[in-house]
Amino acid sequence: MEGGMDSEGPSDNAGPLRPFRTLLVNGFLYLTGQDDPSKSTPDVMEPPHGSSFLSSSAKGDNVSVELSESSVKEEPVLAALQHQHQSVEPENEFVQYIDEQYEMAQGSVHGEDLDGESADGETVPALTIRVWVIGLVLGTIGIVVNTILSFRTNQFQIGSSAFAIVSYPLGVWMSRILPRGQLLNPGPFSMKEHALAFMLSSVMAATPYALQNVVVQKHILKQDLDYAHGVTFVIVSQCLGYGFAGLMSGLIIHPTVKLWPTNLVTISLLNSLHRTADARETTRQQYPMSRTLFFVFCACAMFFWQLFPSYIGPLVSTVSVVCLSLQDRNSAGPSIGRAYGSARSGVGLLSLTLDWSVIAQHVPILASPWSLLNQFGGLFVSLWILTPFLWQSDFFSPKLGTAPVDALRYPQGFALNSPDLFDHNGARLDPTLLFLGDTFKTNMTVYEESRPLYMTTYMAVSYFNAFVAFVASLVHVFLWYGPEFRERLKSGRKAEGARPDKALNDVPHAYYWILLLITAAGACSVCEVGGFKMPWYGVILSMALVIFTITPIGTIQAVTGQQIPLNVISELVAGFIFSGNVVGVMTFKTLTYTSMTQALSFLTDLKIGHYLHVPLRSLFLVQIVATLCGSVLSTAIVATDLFSGLARVLFSENTLLLGSSNDWTGNMYRVFLSTGAIWGTSPLHFFGPHGPYVWTLAGFGVGAVLPFLPWWLHFIYPESDWHLVNVPLAFSFPVLVGELRSDLISPLAVAMLVSYYAKKYRFAWWKKYAHVLSAGMDVGAALAVILVFAVRRWMGGGAPFPTWLLNTNSPDSERCAPDLYVTCLGHRTMGESFGGMYDPTQDPSCQSFFASHS
């Protein structure tokens, strides 16, 4: 659409997508400080303030809309808009952008032309050889890279948008070189093919959550878990979710009023690559570089830059401003300055990072400044105020990690940002000692000797926040979306087109029943006898929990775009049912959480299939094949002898003492084990009435009450910005305990630069290049990180870059630890490089240091 809505307004058949478009425009008018249109129409619902899909709203010029008479009769909100705004201002690019996305989405729903093909689902084949080749090749590369990256200290994965962008030029290239014919090359690379190739590669490349069970049980707990049982568990945990999703699709997907608003980002990306809206002459002249060339440029530039923080100068990954300015850095014992300033051991106050693999965790280019401000506002309070205060006052426990035996592991003199567990003396406790080696039941002898067990203050606050976020999500949706939710459900029961078009070739329910029964039987078998230590009734209970929650949680996400977190509840249920069985607790948590998230992911893809008229049987087949291939490959990487040698290094007791290579600590898997130990030993001793962490349960009450505050203030002060405060987002910890906490300021700066400034003042550039920029930088950084890792592993962990100002070659690359620690660990790293052997007796400056820390 070249100029926003035309003067005649939307057509009568604009259909079910008009209400959501109305809410977006209505919200935009409200956020830009104009009069709330709904005030002139008492019967009109308030726009869904505080919602995730309003996060793209930006201030701009006054927007006005003229509507046709027929559309006014159908939509009172649009009628109110017409009453207050009489003419269209074509220069307002935000409204043009919304119109273009909804024109495309409405066109796909109503059978209008896409890519020159008929939208009847039959004229142009969707599931072609090109789809299989592109999807499987990209998916194979993606799952290998992402599985390896899952062992980094900070989580970093290649995002799905990279696969959408890379698959398009590959499809166009194949359509040009392959011989024409129905089998190999049926014509131009269509949007349907692109959507299927994107889903195939992105689903296949996603690291399965169940991989954490396999890695922890096999490589940390040293359980004799064979590959066949491991891959079976990984597969059934995901396919159970597909079965649930298919059976519930009639309630959550087919009604056209359930829009799944987060899908519009994906649809707009695919649409921008296929449509010619961005190819207008003015845009070509202003930004002539193609997306493909821009992607290659960004990937190459980021590849070379990422070598710097990953190898040459690790200090730029964590520029700890507070630590670098400390005068007492060489003092012994815990220091409030180091607790505030250290991004590795503390909370990283004012810490910066120039490492894209750290910044990218927040997806700052694609996430809106609004959502990041909510999130970082909550992190500011939780991390930079609450956590240090509770730590300094010994609220949950005495200072941990202060024992002499832990001096090398915690060079700052304390443990704050760590997933480790500690005994009653505050000394680190190896969690594997808590369980018997044959049954993995709680070793009561070790447990009683170590009681009470402690977790770090940071970890306790993260549990408090998780409890708040779970309950606050439910309350937030009830407050802001209650009326809309009820209206959508009512209209959904009466809506025409509640069943998909016959041309979509919907999947019969029998397919889903067969899939569900097979995977349920497989889950019962592998959990009972395959080494996952959970009885068959645990599988039934997990399935019942998913069945009970999938409809309300899925409907909430379909209407509001917000997903209610379920991992905390699954841990809670598992802890009290399977107490004393750590593997059973981890298995129940994985099975429940994965089934739910995979079900919601599949429902998301099904809705995209509805919008783009992709044959649903083809989409179903793509999902199953991608899941099978991804599970087989990822499990093969971590559950075979090929990985055993590397696992011994990653999960050894000396991992944190390997110089700058401590970017690879398998932190995600360590956190998984620690949480399993917390809930699998005796959760009552942690969270019970006399437990040290009973006060974290107050998070449930805070989550029930706190969302009322911005909701209430919004209605008292309707012209204020209280409707933008999202409590669930504010209490969501985006990264795990133990990861670098230099990730607050830098991602926010990137988001403000790209998602705010560029979107507001360089909208054409942002629209054309934002997704490409994010994907290119992700791919370039991932390749550089993998290259450095491979070379260093090939050299046996040696080949460090020479020590200099920005590279200490010690675990403390941020220079928060005492200088003697940094110097001596750096000497040891260099002495053991290239196959050498370090002898501290030959190093007079460090001989006494290692003698006292042996």
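Start with cysteine 323: in this predicted model the residue is buried, because its relative accessibility comes out at 0%, under the 20% cut-off. Its partner is cysteine 816, and the two sulfurs sit 1.8 Å apart in a disulfide. This pair ties together distant parts of the chain, with cysteine 323 in helix α13 (residues 321-325) and cysteine 816 in the loop between α31 (763-794) and α32 (819-831), 493 residues apart. Cysteine 816 is buried as well, again at 0% relative accessibility. Look along the S-S bond and you'll find 105 degrees, which makes the link of cysteine 323 and cysteine 816 right-handed.

Now for the other bridge. Searching the whole structure turns up 2 disulfides, and here cysteine 824 is joined to cysteine 846, S to S 2.1 Å. Cysteine 824 belongs to helix α32 and cysteine 846 to helix α33 (residues 844-852), so the bond links distant parts of the chain, 22 residues apart. This link is left-handed, at -95 degrees about the S-S bond. Cysteine 824 is buried at 0% relative accessibility, and cysteine 846 is also buried at 0%. Count the bonded cysteines along the chain and the pattern reads 1-2, 3-4.

Cysteine 629, by contrast, counts as partly exposed, because its relative accessibility is 26%.

Methods
Residues are numbered from 1 along each chain as its sequence is written. This is a predicted model: local features need pLDDT of at least 70, side-chain atom pairs count only at pLDDT 80 or more; totals for chains, interfaces and linings use all residues. Side-chain values use heavy atoms; hydrogens and water are left out. A disulfide is a pair of cysteine sulfur atoms within 2.5 Å. Helices (H or I, at least four residues) and strands (E, at least two) are DSSP runs, numbered from the N terminus. Buried means under 20% relative accessible area, exposed over 50%, partly exposed in between (1.4 Å probe, protein chains only).
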